[in-house]
Amino acid sequence: MNMKKFIILLSLISGMIFIVHAQQDQIRVIVIGAHPDDCDGDAGGTAILWAKMGHAVKFVSVTNGDAGHHEMGGGALAKRRMAEAMEAGKRFGVEYEVLDNHDGELTPDLKTRKDIIKLIREWNADVVITHRPNDYHPDHRYTAMLVQDAAYMVIVPNIVPETPPLKVNPVFLYSQDNFKKPNPFHPDIAVAIDDVIDQKIYAMSAHESQYFEWLPWTMGMLDKVPEDDKARLEFITQRYRGGVSDEIKETLIKWYGDKNGLKVQYAEAFEICEFGRRPDEIEILRLFPMLGKN
Ligand SMILES: [Zn+2]
C-alpha cells in the first residue's frame, strides 16, 4: 500500500470512529404532547438547542388535532394540522409524528399506552418530556397519564414484547404550566432560549390554523390578527414568547451562575418526574449540554 492510500484509509477509519463516537454521545429526546403544537411551545427552544448540537429530538402529538378549529373539523382539519406539524418539525430541526387519535376524546386506555411504550422504545429515548397530569385540558391530562404509565413499562420485556425493551430507563420530565392544585410546577431545570427565541416563534407559526385562527377566535380577537407575515410573527411573539418568573430565575442562576442567569429573558423549564430514572446534577448536565452556555 502506498502512502496516499494509507492516508486515505487512515482518514476513513478515523471518520468512522468519529461517527461511532458521535452516535454514542448523541442524546435522544422524545417530547410527547396532546396536540400538534403542544411540544412546540413547551420545549421548542430547548429542542432547537439540542438539534443544533447534533442531538436527536422527536415531537409526538398523541391526538390528530381534529377538534381545534371553529370552522373546520374532522379529517380535513386533521390533514391540515398534519401538514402544519411537518412544516414546524422542519423549522425546529426535529422529527414530528402525529398519532391518529381524535382531539378532545383521548382516554388513558391500554392500546394507547402500548403505542406510547413502543414510541419511546423505538426512539431509544434518554429523555422523555410531557405535560403534568393536572392540567385544564383532558387530552393533556391523559397524555401525561399515558406517559407516566409507560415510564416503568418501557424496560419490562414482557410488555409489548415485539419491541425490545430499553436497557436504561429514561429520565421523564414535565413541561411547565401555571396550574397550582394539587401542587404547582417546580422548575428543576431551566434552559435559556434567548439565542433561539426568534427561530422558536417562526417554527411555531407553522401552525397557522392555531395561532392565526383558532386561538384568536377562542379569545375573541380574530379581528386583531394581522395579514402580513412580519406582523403575524410579532402577534405570536407578544403572546407566546413567555417570560421568566422569580422561581425560574433562581433555577437559571443555579445552572448558569449569578451573572449569566440574571441576564436570561426567555427560558423553558422542566420538572423531574419521580417515575423514571432520577438524574443527579452531573447527569442533568450531560443530558442538557446547553446548560451554563449562554
Ligand atoms: Zn394542547
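Reader: Before we start, what does buried mean here?
Author: Buried means under 20% relative accessible area, while exposed is over 50% and partly exposed lies in between, with a 1.4 Å probe and protein chains only. This is a predicted model, in which local features need pLDDT of at least 70, side-chain atom pairs count only at pLDDT 80 or more, and totals for chains, interfaces and linings use all residues. Residues are numbered from 1 along each chain as its sequence is written, and side-chain values use heavy atoms, with hydrogens and water left out.

Reader: Is C273 buried or exposed?
Author: C273 counts as buried, because its relative accessibility is 3%.

Reader: And how many disulfides are there?
Author: With a disulfide taken as a pair of cysteine sulfur atoms within 2.5 Å, the count is zero. C39 takes part in none, as the nearest cysteine sulfur, that of C273, is 16 Å away. C39 counts as buried because its relative accessibility is 1%.

Reader: Switching topic, where is D66 found?
Author: D66 sits in the loop between β2 (56-61) and α3 (74-92), where helices (H or I, at least four residues) and strands (E, at least two) are DSSP runs numbered from the N terminus.

Reader: Which side chain does D66 join in a polar contact?
Author: The side chain of D66 makes a polar contact of 2.5 Å with that of H102. A polar contact is a pair of N or O atoms within 3.5 Å; within protein, one must be able to donate a hydrogen and the other to accept it, and residues adjacent in sequence count only if both atoms are side-chain atoms. The D66 side chain also reaches the backbone nitrogen of D103 at 2.9 Å.
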